[in-house]
Amino acid sequence: KTERGRIVRERRIFLKEYDQFVQEQKYGSFMIVTGIALFIVGSWSLIVPFYKLICEKYGYSPKTHKTDYNVIQNKQDIMKKWRVHFK
């Protein structure tokens, strides 16, 4: 009887500790997944400011505005025999 009682007590203690471990593990996994998701959202929202910062620092400036090609057409090139106009 005492041996069986000791085994039952050890089993109850083990199950109690195991349940506590499982609950802590679930909370830890939730925090890790939440942290990764917040990191991804944060880095995604900072892509444009970092891109602008890097472009300003190193002088990269992609042309995003309308280009005026009339300036190129108005130049007189004396070496060309024909001049083409697009309308």
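The questions and answers below go through some features of this predicted model.

Me: What makes up the chain, and in what order do its elements run?
Reply: The chain has three helices and zero strands, and from the N terminus on the elements run α-α-α.

Me: Why is Phe-14 called partly exposed?
Reply: The relative accessible area of Phe-14 is 46%, and because buried means under 20% and exposed means over 50%, Phe-14 falls in between and counts as partly exposed. Phe-14 belongs to helix H1, which covers residues 2-45.

Me: What makes Phe-14 and Tyr-18 an aromatic pair, and why is the pair called stacked?
Reply: A search of the whole structure finds one aromatic pair. The ring centres of Phe-14 and Tyr-18 are 6.2 Å apart, and rings pair if their centres lie within 6.5 Å; their planes stand at 20°, and planes under 30 degrees apart count as stacked, so this pair is stacked.

Me: Where do Phe-14 and Tyr-18 lie in helix H1, one relative to the other?
Reply: Phe-14 and Tyr-18 are four residues apart in helix H1, about one turn of the helix. An α-helix has 3.6 residues a turn, so residues three or four places apart point the same way.

Me: Which residues make the nonpolar surface patch?
Reply: Phe-14, Leu-15, Tyr-18 and Phe-21 make a nonpolar surface patch of about 410 Å².

Me: Why is helix H2 said to lie largely in the open?
Reply: Of the 12 residues of H2, one is buried, so the helix lies largely in the open. For the chain as a whole, 1% of the 87 residues count as buried.

Me: How do you know what span to expect for helix H2?
Reply: Helix H2, residues 47-58, reaches 16 Å from its first C-alpha to its last, which is close to the 16 Å expected at 1.5 Å a residue. H2 is followed by Gly-59, whose phi is positive, near 85°.

Me: What makes Lys-57 count as lying over the face of Tyr-58?
Reply: Lys-57 is at 5.9 Å from the ring centre of Tyr-58, and the limit for a charge over a ring is within 6 Å, so the distance meets that limit.

Terms used
Residues numbered from 1 in each chain as written. Predicted model: local features only at pLDDT ≥ 70, side-chain atom pairs only at ≥ 80, totals over all residues. Heavy atoms only, no water. Patch = residues over 30% accessible without salt bridge, like charges linked within 9 Å, V, L, I, M, F, W, Y side chains within 5 Å. Areas by Shrake-Rupley, 256 points an atom, 1.4 Å probe, with all protein chains shown as cover. Salt bridge = Lys/Arg side-chain N within 4 Å of Asp/Glu carboxyl O. Helix = DSSP H or I, 4+ residues; strand = E, 2+ residues; numbered from the N terminus. Buried < 20%, exposed > 50% of the residue type's maximum accessible area, 1.4 Å probe, protein only. Phe/Tyr/Trp six-rings, centres within 6.5 Å; stacked < 30°, edge-to-face > 60°. Lys NZ or Arg CZ within 6 Å of the ring centre and 35° of its normal. Expected span 1.5 Å × (residues − 1).
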